[in-house]
Amino acid sequence: MQIRTPPPKASIANETDESGKLHAPSAVRNVTPICEALTAIAPAQGNALEIASGTGQHVLAFAKAMPTIKWQPTEVEHTRMVSIDAYRADSGLSNIAAPILLNATQSGWGGTIAAIDLIVVANLFHLISEAEVSVLLAEAAQALNKDGQLCVYGPFKRDGKLISEGDVSFDAGIRAADPEVGYKDDKWVEAIAKGAGLDFVRAQEMPANNLILIFRKP
């Protein structure tokens, strides 16, 4: 299949200061409930990987909320990596590593990033194709430790249906730009994750009709 570079997260603005930090209003809106959900299920200590860290605002909040976990942000685009590193440097936190270049929709990375206890993916699945989601899930399963967890946050179809007019409009706009992407069905994601060797734990309702899908590696 043809691998695309995942697009930038929605609502990322231009650089906001001389350090190269980017600011996404949507990250500010959703970071608190995501942090609360992750804190409730995260291990007491360990290593966490964030896929497609975007501006770096999320991983900064995660590292503050879960200080006993070592966080590894990742990205595919230089400007966003600069932003992540600027947030990391200004934070003074010792539990955020420098961002690494990673396209999680490409095969092979799961065998190179090992000893991961928690993987977090936020607002990405609707921006990539079903084939790319399948690759990401398979590689994440390989990277996780036994009993490690994968948490996927974002908008999803529920049993094949879009649940609000806003979701219908958003999904249509995404598909108009690229017909291979758009909302994924929650049950389809569960089935693909199961095929990759992950157990489905639960789906947690989040604000603005979003979900967190939680999986565990047995």
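Trainee: Before we look at anything, what is a nonpolar core?

Mentor: A nonpolar core is a set of buried Ala, Val, Leu, Ile, Met, Phe, Trp, Tyr and Cys residues joined through side-chain atoms within 4.5 Å. Keep in mind that this is a predicted model.

Trainee: OK. Which residues touch the most other members in the largest nonpolar core?

Mentor: Ile51, Trp109, Ile119, Phe125 and Leu150 do. That core has 29 residues.

Trainee: Which elements give two or more residues to this core?

Mentor: Strands β1, β4 (116-122), β5 (144-157) and β8 (210-216) do, along with helices α4 (130-143) and α6 (186-195). The most comes from α4, with 6 residues.

Trainee: Pick Ile119. What is Ile119 in contact with, leaving aside its neighbours within four places in sequence?

Mentor: Its contacts are Leu49, Ile51, Ala140, Ala143, Leu144, Gln149, Leu150 and Cys151.

Trainee: And what lies apart from that core?

Mentor: Another core, of 26 residues. Among them are Ile41, Ala42, Phe62 and Leu118.

Trainee: How many bridges pair β1 with β2, and in which sense?

Mentor: There are 5 bridges, in the parallel sense, and β1 covers residues 46-51. Gly46 stands opposite Ile69 in β2. Between the two strands the chain passes through helix α2 (residues 57-65), and this β-α-β crossover is right-handed.

Trainee: What about β3? How many bridges join it to β2?

Mentor: 2 bridges, and the strands run parallel. Strand β3 covers residues 100-101. There, Ile100 is the bridge partner of Thr74. The chain gets from β2 to β3 through helix α3 (residues 78-91), in a right-handed β-α-β crossover.

Trainee: New topic: rings. How many aromatic pairs are there?

Mentor: The count is 4. One of the pairs is Phe62 with Trp71. It is tilted, at 5.3 Å centre to centre and 40° between the planes.

Trainee: Is Phe62 buried or exposed?

Mentor: Phe62 is buried, with a relative accessible area of 0%. Trp71 is buried too, with 0%.

Trainee: What about Phe200 and Phe215?

Mentor: They form a tilted pair: 5.6 Å centre to centre, 55° between the planes. Phe200 is in strand β7 (residues 199-206) and Phe215 in strand β8, 15 residues apart.

Note on methods. Residues are numbered from 1 along each chain as its sequence is written. This is a predicted model: local features need pLDDT of at least 70, side-chain atom pairs count only at pLDDT 80 or more; totals for chains, interfaces and linings use all residues. Side-chain values use heavy atoms; hydrogens and water are left out. Two strands pair if DSSP finds at least two bridges between them. Helices (H or I, at least four residues) and strands (E, at least two) are DSSP runs, numbered from the N terminus. A crossover is right-handed if, with the strands pointing away from the viewer, the path from the first strand over the helix to the second runs clockwise. Buried means under 20% relative accessible area, exposed over 50%, partly exposed in between (1.4 Å probe, protein chains only). Contact means heavy atoms within 4.5 Å. Rings of Phe, Tyr and Trp (its six-membered ring) pair if their centres lie within 6.5 Å; planes under 30 degrees apart count as stacked, over 60 as edge-to-face and the rest as tilted.
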